[in-house]
Structure formats: structure tokens, C-alpha cells
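Morning, everyone. I have one structure to walk through today, so let's get it on the screen.

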Amino acid sequence: MWQRAWTVLRERLTLLQWVSNYTGSTLRSDATAGLTVGAMLIPQAMAYAVIAGMPPIYGLYAGLVPLLAYPLFGSSRQLAVGPVAIDMLIVGAGVGALAQSGTERYVALAILLTAMVGGIQILMGLLRLGFVASLLSRPVIAGLTTAASLIIACSQLGNLLGVELGRSQYVHVLLWEALQHVGGTHPLTVGLGVGCIGLLLGLSRWLPRVPGPLVVVVGSTAASWFFGLEQQGVSVIGDIPTGLPSLEVWSVSFGELNALLPAAVTVALVQFMKDVSLGRIFAKRHGYSIAPNQELIGVGAGNVLGSLFQGIPASGSFSRSAVNDQAGASTPLANAFAAVVIALTLLFLTPLFYYLPTPALAAIIFVSGLSLVDLHEIRALFRARRRDGYIALFTAACTLFIGIQEGILLGIGASIVAVLYRMSRPNVAELGHVPGTRRFRDRSRFEQAARLKDIMVLRVDAAFSFANAEYLQNFILEKSEHEGRPVNAVVVDGSSINGLDTTATDTLFSVAERLDEMGIELHLTGLIGPVRETVRRSGLHALLGEERFHLTPHAAVTNILERRDATEDTTQLAEYLDTTGTDEQEPTPAAT
């Protein structure tokens with residue numbers, strides 16, 4: 001019993017899996033990586049909180065407790081946890097529909113949403129429901145990320161122009177409002193914002209190792225203080241509370257939980273899908289594996305505990321994780337060192353951010369948002385499968401013009417419809433005999449595969465279910481009726497059929513009876529064990545008879561020709577066998 005308890009504890013508390021091998025060298029590597037990521041996180045955390053409609057201090061709060069919790073439960077050794085732009089966008093859209101940004105209620109709802117996100121993730125992890133995140137397919141994520149990048153960038157137009165614009169998750173609304181207020185722009189604000197954007201882009205291109213956001217924050221804050229930019233009309237961050245966040249229990253009502261649930265589920269799934277994708281990249285690179293369900297628990301625990309200390313949702317960051325890996329992070333403990341940097345900032349440095357210009361922070365958000373645009377991914381989807389590319393564009397369009405949560409749901413719906421369509425229209429290949437072998441191959445891919453005289457061989461490349469039963473029935477019957485040559489037998493190679501439901505067995509009954517009326521025999525070959533059992537229990541095996549079931553198409557053809565020779569006094573079997581061999585040479589498919 002104690003052994004089992006220890007195994008369960010070690011599985012859940014992943015810290016125990018690597019702490020025994022922790023060395024001084026590992027400590028130095030983690031410390032270096034953590035301090036580097038911590039310095040990078042300071043400006044990003046404050047900027048991303050603004051995306052969510054929260055004061056910048058709450059971004060720093062989110063960079064504290066979650067980073068201490070993740071090393072206890074997380075399974076990725078290089079994942080850098082903290083506020084992430086796309087998560088904040090969903091938070092802003094979800095909470096913004098219920099309260100005015102900047103109000104106490106807005107802040108309380110955002111913190112409650114964080115707790116709900118963590119609770120959902122922990123529950124999913126304990127119930128091993130990590131597979132649910134597969135609903136967020138690669139095209140949906142690509143479309144969401146592309147749309148989110150434009151929304152994030154456009155959300156900062158007001159701060160970059162020095163005008164007051166309303167909050168919106170719709171790009172066309174943001175652009176229209178910006179155009180309406182273009183006459184009231186503040187030149188110094190515009191100049192400062194454009195200069196910071198240029199500095200960020202220049203550093204990322206020519207000095208990628210220099211933390212651009214940190215340079216912008218330090219430089220613009222110093223310039224603001226020295227030149228008195230606040231007195232010249234440039235908006236500044238203002239007073240930021242000093243000290244660590246206090247423990248506060250959420251104020252909960254059923255109505256608020258119900259209203260926030262869609263946004264909480266959305267954030268939980270997006271975070272998980274992103275974190276697992278990132279974790280697998282680093283795990284493959286460093287030769288270890290991650291546990292997706294444990295990732296749910298690790299990130300979820302960070303969000304729940306973080307919400308008790310006024311944090312907003314935190315998860316793995318693409319950019320900071322890459323820096324964490326490059327800086328030598330060996331274990332999740334690197335996150336704790338980054339948290340130390342944030343704690344020191346909260347204790348001693350927040351008064352220095354009073355003079356931080358709002359357009360400088362907006363420039364960081366603007367560049368971070370546009371950096372999410374990945375046209376290469378969209379092109380890759382179109383190259384691999386055009387349908388996936390269109391799903392990505394559909395998701396992006398819905399996210400931009402209908403709403404973030406709606407766009408995700410519609411993208412998921414489009415993916416499901418595409419899957420159902422593929423299931424309902426499975427590939428059915430006509431097989432031909434490859435001379436010199438006993439093999440049958442797809443005639444469209446193997447030029448040497450030849451039709452048999454009056455036997456049609458088909459292969460169904462899918463599970464046979466209610467979704468495609470009618471299509472397969474019509475295909476087999478139409479193919480048999482309109483083949484343009486006499487067909488006396490249809491052989492269905494079922495080696496690729498991995499499932500058979502009751503609707504499919506009824507369909508096979510109908511096909512067999514219809515073919516029998518046409519004087520055509522139906523033979524089935526290569527059925528796997530579970531499918532054979534279903535066929536027997538349904539009565540189809542008794543209807544057709546044992547002689548209609550075979551191991552391979554070759555065995556079926558041999559049986560058909562042998563019985564035909566016996567009744568018609570022909571030598572068709574011998575003629576067929578003369579064209580077969582020992583299958584020592586694999587046929588070569590036609591060039592495509």
C-alpha cells in the first residue's frame with residue numbers, strides 16, 4: 001500500500017521526479033535562466049495585464065504565485081509560466097461583457113475567472129480529460145492566433161495616438177474609432193509610440209539577445225522623468241502599489257459563475273493546448289516526455305493559487321519559454337527564480353514605474369501582438385490540406401467579426417463538420433491484381449495493377465458506421481451496376497475497416513441482398529477480430545455463409561474461380577495462378 005501511495009504521490013508531485021538528481025550545476029543553470037526570464041517578464045506582465053483591461057500591477061501578481069506552484073506539479077522542464085497575450089485577450093472579452101474595465105467589480109470578476117480556469121484544468125487533469133483539448137485543432141489554433149494578434153495590436157491604437165477609444169474585441173470597430181479621432185492625436189505621444197515600436201523591431205532583428213521590452217521600459221521611464229513628459233500631455237502609468245499581494249478569498253455568486261463559465265472553459269482549453277504543444281517541443285529536444293494530464297494540474301494549480309493572491313490567468317509563453325531554454329533551464333525550478341525577480345520588483349521597484357509612459361507600454365503590446373501572426377503556418381496548412389487552411393481562415397474571420405469565444409466555437413464546429421464529412425465520404429479504392437504476386441493494390445496508384453475479368457475488388461479505408469453506411473452502399477451498388485463490364489463477384493477488402501456498428505451491418509445485409517438479386521456474389525476479406533465478432537452476432541455471417549469470408553483478396557479470388565471451374569468446366573483458376581508469384585517483391589506505386 002505504501003509503495004502505491006508513493007507512486008501516486010510521485011506521479012502527482014512531479015518535483016519528486018527530478019529533485020533527487022538536482023546538482024549545483026543544475027541550480028546555476030536554472031538560476032541563470034530564471035533571472036533572465038524574470039527580467040523579460042516584468043514589462044510583458046504589465047503590458048499583458050492592460051490587454052485584459054486590468055491595472056499593470058495585476059500582471060506582476062500573475063508572475064509570482066503561479067511560477068512557484070508550477071515546479072511542484074508541472075512536467076515540462078523548460079516551460080516558462082506567466083501572463084500570455086492571447087489568454088488576456090479572452091479574459092478581456094469575457095469579463096468586459098459583464099463589467100466596466102477599471103472598476104473594482106471588473107477586477108474581482110477577472111480574479112474569479114482565473115480561479116475557475118484553474119479549477120476546470122485541475123478537474124480535467126484528475127479525470128484524465130486532456131484529450132478534450134484536441135477539439136482545438138491545429139487550424140483552429142492558427143486561425144485564433146492570427147485573429148488575436150490583429151485584435152491585440154489594434155486594441156492599443158488609442159494609447160499610441162494619445163486619444164480615448166472604447167474597448168472592443170472587433171478590429172473594424174477599433175479601426176473606425178481610431179479614424180474618427182485621428183484629428184485629436186497627441187503628436188508627442190505618437191512620436192514616442194512609433195519610436196518605441198521602431199526600437200523593439202530593430203533590437204529583435206539586429207540584437208535579438210537584448211531584451212527589447214525591458215530596454216523600452218527602462219529607457220522610456222527615464223526619458224519621461226527627465227523631460228517631464230507627463231506635464232507635456234503624455235499619459236503615464238502612475239502610482240503602482242508596493243509590496244507583495246495579500247491573500248484574498250474570491251467573492252462568488254452563482255450568477256457570476258454561470259456568466260463567466262464560457263470564458264473560463266475557453267481560456268482553460270487554449271492554455272492547455274498551447275502548453276502541451278510547447279512542452280512537447282522542448283521534451284523532444286531534450287529527450288524526455290511530458291504528461292498532458294499532469295500539465296493540466298500544474299497550470300491549474302498555479303491559476304487557483306494565483307487567484308488567491310490577486311493573480312490573473314497564467315500559462316506557458318512561447319517567447320519566454322524559448323529564452324528559458326536558450327538560457328539553460330534544466331528543471332521547472334527556473335520559474336521560481338523568475339518569481340524571485342518579480343517579488344523583488346514588487347517590494348522595491350514599483351515606485352520607479354510611475355513615470356512609465358502609456359504609449360511605451362502600448363508599443364510593447366503592439367509589437368507582441370503582431371509577432372503572433374504566423375503566415376507560414378497558414379501557408380503550411382494550405383499545402384498539407386486545403387480544407388485545414390480554409391478552416392483556419394474561417395476561424396480567424398469569425399474571431400475578428402463575430403467575437404473571440406464565438407470564433408473559437410465556430411472554428412471547432414467547422415473542424416467537427418470537416419471530420420464528419422470525411423467520415424461520411426471515406427476513400428474507397430478499386431484494387432487490381434499485381435502480376436507476379438498475390439497482392440492487390442489501388443489501381444489509381446499502381447500502374448501495373450490490373451483488373452480481373454469479371455471480379456471487382458474494393459477496399460474501404462475507414463470504419464464502417466452510420467456516418468458512411470449509405471455512401472458505401474450506394475458506391476458499391478453503383479460501381480457494380482455501371483462498371484461497363486460484366487461483374488459476377490464483388491470482393492470487399494475489409495482489412496482497413498477498424499469498426500462496424502449496427503447501421504453498417506444492416507447496410508451490408510441490404511448490399512448482399514441487392515447484389516444477390518443482380519446475380520453478383522459478395523465476399524469479405526481481411527476482417528479484424530472485433531469486426532468479425534460483430535458480423536457473426538448480427539447474423540450476416542450466417543446469411544452469406546463461411547465460404548464468403550476470406551483472409552485475403554487472393555484467397556477470395558481463388559475460391560471464386562475454383563468454384564466457377566467446377567460448375568462451368570473452365571480453367572480460370574489455373575490461368576489466374578499463372579500470373580501470381582511468391583510476393584517476394586513489393587510492387588512500386590506510380591509516380592505522383
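How many helices and strands does the protein chain have? There are 26 helices and eight strands. Keep in mind that this is a predicted model.

Now the overall form. The radius of gyration is 31 Å, while the globule rule gives 25 Å for 592 residues, so the chain is more spread out than a compact globule. Along the principal axes, the C-alpha atoms fill a box of roughly 105 × 65 × 50 Å.

Next, the inside. Of the 592 residues, 53% are buried. Take the contacts with a separation of 6 or more: 79% of them join residues 24 or more positions apart.

The accessible surface is about 27,300 Å². Carbon and sulfur atoms account for 60% of that. On charge, the chain carries 40 positive and 45 negative side chains. The centres of those two sets are 7 Å apart.

Let's zoom in on some residues. Start with Ser76. Where does Ser76 lie? Look in the loop between α5, residues 65–73, and β1, residues 81–82. Is Ser76 buried or exposed? Its relative accessible area is 0%, and buried means under 20%, so Ser76 is buried. A polar atom of the Ser76 side chain lies 3.3 Å from the backbone nitrogen of Leu79. Leaving out residues up to four places away in sequence, Ser76 touches Tyr70, Gly279, Tyr288, Ile290, Glu295 and Pro332.

Which backbone nitrogen lies 3.0 Å from a polar atom of the Ser321 side chain? That of Ala80. What else does Ser321 contact, beyond its neighbours within four places in sequence? The list is Gln78, Leu79, Ala80, Leu278 and Phe282. Notice Leu79 there: its backbone nitrogen is the one that lies 3.3 Å from the Ser76 side chain, and Leu79 is also in contact with Ser321.

Last stop, Leu577. Leu577 belongs to helix α26, residues 572–577. Its relative accessible area is 38%, between the cut-offs of 20% and 50%, so Leu577 counts as partly exposed. Now pair Leu577 with Pro435. They are 142 residues apart along the chain. How far apart are their C-alpha atoms? The separation is 9.9 Å.

How values were computed:
Residues are numbered from 1 along each chain as its sequence is written. This is a predicted model: local features need pLDDT of at least 70, side-chain atom pairs count only at pLDDT 80 or more; totals for chains, interfaces and linings use all residues. Side-chain values use heavy atoms; hydrogens and water are left out. Helices (H or I, at least four residues) and strands (E, at least two) are DSSP runs, numbered from the N terminus. The radius of gyration is taken over C-alpha atoms; the globule rule is 2.2 Å times the number of residues to the power 0.38. Buried means under 20% relative accessible area, exposed over 50%, partly exposed in between (1.4 Å probe, protein chains only). Contact means heavy atoms within 4.5 Å. Accessible areas come from the Shrake-Rupley method with a 1.4 Å probe; for residues, only the protein chains shown count as cover. Lys and Arg count as positive and Asp and Glu as negative; His and the chain ends are not counted. The place of a charge is taken as NZ of Lys, CZ of Arg, CG of Asp or CD of Glu. A polar contact is a pair of N or O atoms within 3.5 Å; within protein, one must be able to donate a hydrogen and the other to accept it, and residues adjacent in sequence count only if both atoms are side-chain atoms.
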